[in-house]
Amino acid sequence: MITFLRLFAGCSVDLASFALLCSFPFTSYFRLPRRKTIVITLCLIFGLSMLYASFGTYFQTVLPYNNQLYLACNNVFLCCLFPCFFWYLYAVKAVWQKKAFIFLFTMTSALFISSVSNCILNVLPGEGSWLPDTPITILATLLANIIVVPLLCLFLNYFYLPVENGMTPKEIGFLSLPLFLLFTLFFVIFSYVDFIFLVSNITVLLLYFGLLLTVFILYAVIFKMYSLAHERYLANEKYARTQYQADIRSEQYRRISQNIENTRKMRHDLQHHMLTLQGYLETGQTEQAAEYLKLFSQSTQNHKIITFCSNPAVNMLVSHYYDIAHEQGITLSTHIDIPENLSVPDTDLSVLIGNLLENAVTAAMRAKKSERQIRLNMSCSGRMLGITVDNGFDGIVRQKDDQYLSTKSDNGGLGLKILADIAEKYDGGVSFSHKDTIFYSSVMLRLET
């Protein structure tokens, strides 16, 4: 019974440390409520520890009390890790590559902790690594966990967590492969290493722990390099976004300036038109005057100002893209029901609507003539502003990692990323989909009261 309790305590310490390291990076990714997850995990540790203690007690009655007994108990412990692995896969809601990486990291960490524990045991007089059930063994394991586990959590917190969100599943998968190979190598070495010889030879001891520490140092360097590269990428992307927004505004300004110039010319030419009409009327040429007025009226229809809504910024932008669509033979229909003033700044609103309508016009230009149409809807409901744009296109979509890319080939989907960032800024969201030759875009923003 005493042997059973000692084995049970030792296994519980190891599994608890294992569970802590596996769950530390995923505390906000649990599938079930945190309290329920902890209770189930503790029950699993309790049950597996009883199983390990039962087998260990049996092995001590049939195996010689030497390193063979230690290896048998170690193999049972590894088998106990399989149920933990499957529970870990279910309990954590994250891509499998990230879960596999952390599990392999924890397995390698377990080897490191076991090595520290065995070295502590073999430094003590009269103790050997083949004694898995003595009180000093349990204390050595507990001491090793107390020393190493917090350091490993700090390692994950400082090196892994800052870059975890930015890494793609493919990148994590590539990092997991060498970690799996290193764990396999160290496990083979660990299975046959003689810790009594190890602690008696300082050179071999330093070499052994140097190899284990190299794994953690290597990944610390990789994560730090990735962090620096990711910071450079974000800086370049921010610059590209700023430049992209500046290009949109520059084009909008150019077209608006062109419309203003056309209006100025029309007002300048109006005096000449009035003199011509006056001349017709003074000479009694009323038919010629009527025909001239008809032609003048037709020419001014191309430059008439259409009011889409009472919001000045939105009205200007929609008018701007309405003219562009008209030039390209695209029908732009609108339904806008928004107040004159919105809590969203005009700078964000112009980029938002500009991106939506620019992409819609660019896509509709490639559609068949009968499908060159755009439908814009804007409405407010409570504190939410909804914007939808449906446009025809040629049926060809560009996607990467299940994400839509912009119809423009020179920005790599930057416009759509900007839409998502603006929506997130106002606690909203974006949605894109397509069916046949119709592309659907929708944006939701939360307005301030």
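Tutor: Buried means under 20% relative accessible area, exposed means over 50%, and partly exposed lies in between. Please keep in mind that this is a predicted model.

Student: Understood. How many salt bridges does the structure hold?
Tutor: The structure holds 2 salt bridges.

Student: Which residue pairs with Lys425?
Tutor: Lys425 forms a salt bridge with Asp348, and their closest N and O atoms are 2.9 Å apart. The pair joins distant parts of the chain, 77 residues apart: Lys425 belongs to helix H12 (residues 414–425) and Asp348 to helix H11 (residues 346–364).

Student: Is Asp348 buried or exposed?
Tutor: Asp348 has a relative accessible area of 14%, so it is buried. Lys425, with a relative accessible area of 55%, is exposed.

Student: And what does Arg375 form with Asp390?
Tutor: Arg375 forms a salt bridge with Asp390, the closest N and O atoms being 3.9 Å apart. This pair links strand S2 (residues 373–381), which holds Arg375, to strand S3 (residues 384–392), which holds Asp390; the two residues are 15 apart in the chain.

Student: Why does Arg375 count as partly exposed?
Tutor: Arg375 counts as partly exposed because its relative accessibility is 31%. Asp390 counts as buried, at 15% relative accessibility.

Student: A change of topic: where does Trp96 lie?
Tutor: Trp96 lies in helix H4 (residues 96–123). At 59% relative accessibility, Trp96 counts as exposed.

Student: What does its side chain contact?
Tutor: The Trp96 side chain makes a polar contact with the side chain of Gln97, at 3.4 Å.

Terms used:
Residues numbered from 1 in each chain as written. Predicted model: local features only at pLDDT ≥ 70, side-chain atom pairs only at ≥ 80, totals over all residues. Heavy atoms only, no water. Salt bridge = Lys/Arg side-chain N within 4 Å of Asp/Glu carboxyl O. Helix = DSSP H or I, 4+ residues; strand = E, 2+ residues; numbered from the N terminus. Buried < 20%, exposed > 50% of the residue type's maximum accessible area, 1.4 Å probe, protein only. Polar contact = N/O pair within 3.5 Å; in protein donor to acceptor, adjacent residues only side chain to side chain.
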